[in-house]
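Hi,

Here's the structure I promised to pass on.

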Amino acid sequence: MKVEQILSQFQATGVETCFHARHINPQIYAGLNGRNWGIQDYEARGGYAALRKILGKDGGEGLTQDQVIATVKESGLRGRGGAGFPTGLKWSFMPRQFPGQKYLVCNSDEGEPGTCKDRDIMEYNPHTVIEGMIIAAYAMGISVGYNYIHGEIFHTYERFEEALEQARAAGYLGDNILGSSFSFQLHASHGFGAYICGEETALLESLEGKKGQPRFKPPFPASFGLYGKPTTINNTETFAAVPWIIRNGGQAYLECGKPNNGGTKIFSVSGDVERPGNYEVPMGTPFAKLLELAGGVRGGRQLKAVIPGGSSSPVIPAELMMKLTMDYDSIAKEGGSMLGSGAVIVMDETRCMVKALARLSYFYSHESCGQCTPCREGTGWLWRMVDRIEHGQGRPSDIDMLDSVAGNIMGRTICALGDAAAMPVRGMLKHFRHEFVHLIEHKTSMVNADATAVKTHG
């Protein structure tokens, strides 16, 4: 798909994606316009300077593997895919003296509802992901890597393949990179749209050509990953942050955010806001400021609630959300939720929480891989009960039953999809139980909204 076609899609829907001037000190999205994704434009923005630096091709002595990992540790970079695990610490787990093949994998299977940041990175700044992966491979002594891309954005996969060809032609990928003794081969692989393949071990199964179902852990991928070999897996945005860190130093990156939450973070803001899209801001930015950047609540309505980190994150009521900052610690410790993938779903006063939960529960029921009984059966139970309540057929016992089923799913499945289905249920019941009670007792939602007055974006 041509650049003009992609841009016209956003113009037609009114969604600005990442092309706006409302980022705050951007690092990954800085200077992007939708057309300057190629290698020459990337080099003009300082691209591949970090790779030259660690290989000693910029006139310096270069950096050792330990120095690269120490710099990433100092930066406070945490995994941007959802878990928030310290990146430098994860890299240090890789057994560098392992005599056989080791692998590096980028998780670009972006399927969390509300999340669209990684798609934009790979389409409009793909070389920062490539450079980040090369640096990671150097730090861990890895010679082969894969980028697993969500199957429903095939044009993004094609763009990334083009970028790989450009990097190979320029000598940044392949054997003896830039004349050094370091070699690294990087390949793109596309999935087929299964949400479960965003879970790292299900992703590895899919890469191996098998059905995408999670593995038992331990063993963990660092010791037994792709093809049974040591493997490190990071998210797209995580790798994209690495070149800036190497160029400017770990301390500079840490100072862009807050302690234990270094750097910037891309938030995909959607729902009832005037200007939905991706916003790159320093970690620790107040939610109120992020909402302001997105144009505020649509139509001048009142904010009701926010899902702060993708659909699997427990909902947070407006009053509490307006006091929080956008970082892992604040959202978890003060908000009782998760920063997750950074998908911020804003809901105004016209939204019925029972209806919202029914939609979320249906998604997780549909996407369960079926391997674990609590998830395979429980997600269906959750959806059917919420659906029954939404349509005025709920029973008083349903609310306690919902909480019980959710509790029996959490912590009893191989991967976190079961938890992802249960946490929205428990969050809604915790903060908006009265809406469920009202609908059961009166057979109608307590939210009387004129739906036709709510403008939507495509």
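In this predicted model, the protein chain has 18 helices and eleven strands (DSSP runs numbered from the N terminus: H or I of at least four residues for helices, E of at least two for strands). Its radius of gyration is 22 Å, close to the 23 Å the globule rule gives for 458 residues, so it's as compact as a globular protein of that length (C-alpha atoms only; the rule is 2.2 Å times the number of residues to the power 0.38). The C-alpha trace spans about 75 × 45 × 40 Å along its principal axes.

As for burial, 57% of the 458 residues count as buried, meaning under 20% relative accessible area with a 1.4 Å probe, protein chains only.

Now the sheet: five strands make an open one, ordered S6-S5-S11-S8-S9, with mixed pairing (two strands pair if DSSP finds at least two bridges between them). S6 (277-282) and S9 (316-317) are at the edges with a single partner strand each, so one side of each has no neighbour in the sheet. S8 (residues 303-307) runs antiparallel to S9, joined by two bridges, and alanine 305 sits opposite proline 317 of S9.

Housekeeping: residues are numbered from 1 along each chain as its sequence is written, and side-chain values use heavy atoms, leaving out hydrogens and water. Because the model is predicted, local features need pLDDT of at least 70 and side-chain atom pairs count only at pLDDT 80 or more, while totals for chains, interfaces and linings use all residues.

Cheers

Conventions:
Buried < 20%, exposed > 50% of the residue type's maximum accessible area, 1.4 Å probe, protein only.
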